[in-house]
Amino acid sequence: MTSKFTAAVVGPGNIGTDLLMKLLKNSRNIEPVYMIGVDPESDGLRRAEKMGVTASAGGIDWLLEQDELPDFVFEATSAYAHQANAPRYHAAGIRAIDLTPAAVGPYLCPSVNLDALSTVDNVNMITCGGQATTPIVAAVSRIVDVDYAEIVASIASRSAGPGTRANIDEFMHTTARALEQVGGAKRAKAILILNPVEPPMLMRNTVYCSLPAEAAEPGPLQDQITQSIEHMVETVQSYVPGYHLTAAPQFDSARPEWNGWGRVTVLIEVKGAADYLPEYAGNLDIITAAAVATADKYVDLLATQPVSS
């Protein structure tokens, strides 16, 4: 590629500002040219202007009136907003990468299903918890059937902005569906905890996956599951360096109360890169880093196969 594709970040809050900084710092293929909001007093818009990005509080009405439209838009507003905005992006021929739980487009997790980009013009980055836990469920389901998966994502209360708080129900629904559709679990549940502890905690995720009885006992299957999880962690670390296991996967033998299934428990911690907010905001870091990785791969694929309308 001799030139970068252009992009607009819609939503100048915590996620949008962190994303803008990562695009400017890390993206191979994307040049952010617009930052869009609705509040003229927005700190995110002021920051964008200082970084040389055209900023406007005119919302997407302003964006779609520009003579030069961006190739991509990153939606960092709310699920409700993206549901309204997505048809307008599509009509304008702008590819959308959605960081809200709207799930207008298919779920996308860079470490699991980047190939899905070749056929769509709107992809959903699930949620921060989904980006942290879907890879682990996928790693297990590649080896054995996962009848049920449950995840608990705990984040520092101070890292949860208005957008996160307004979308908690959507977070749990979207994350659970991604564990099924991308992670491979037959059934799934997601829980989000906003922890007010001081000093703020790093993002922590607990992943439970059911296992066939034979896979829950020491042996070749258990070894394969562990190796698959460790390989997946390394893959995620290629775009989220602060992503790591806090302990080796823990296996529990099958029990009658689990309908004869065993279980593996995986403990994940995410340390943020502190591009905008402190290191404890790993929940922001993982979804914005995933969005950058997705956009870069998107452009790589476009070089050989145009996205269908």
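1. Asparagine 122 is buried, at 10% relative accessibility (buried means under 20% relative accessible area with a 1.4 Å probe, protein chains only). Asparagine 122 sits in strand E6, residues 122–124 (strands are DSSP runs of at least two residues, helices of at least four, numbered from the N terminus). Its side chain makes a polar contact of 3.1 Å with the side chain of histidine 82; such a contact is a pair of N or O atoms within 3.5 Å, one able to donate a hydrogen and the other to accept it. Beyond four places in sequence, contacts of asparagine 122 include Ala86, Val104 and Tyr298 (heavy atoms within 4.5 Å).

2. A word on the source: this is a predicted model, where local features need pLDDT of at least 70 and side-chain atom pairs count only at pLDDT 80 or more, while totals for chains, interfaces and linings use all residues. Residues are numbered from 1 along each chain as its sequence is written, and side-chain values use heavy atoms, leaving out hydrogens and water.

3. Aspartate 275 is in the loop between strand E12 (262–270) and helix H10 (282–302). Aspartate 275 is also buried, with a relative accessible area of 17%. Its side chain joins that of lysine 25 in a polar contact of 3.0 Å. Among its other contacts beyond four places in sequence are Asp18, Met21 and Asp285.

4. Now for a helix pair: the axes of H6 (residues 128–141) and H8 (residues 168–181) come within 9 Å and cross at roughly 20 degrees, the axes being lines fitted to C-alpha atoms over the stretch in contact, with angles running from 0 to 180 degrees between N-to-C directions. H6 and H8 are therefore roughly parallel (angles under 35 degrees).

Note on methods:
Angles under 35 degrees count as roughly parallel, over 145 as roughly antiparallel, 65 to 115 as roughly perpendicular and the rest as oblique. Buried means under 20% relative accessible area, exposed over 50%, partly exposed in between (1.4 Å probe, protein chains only).
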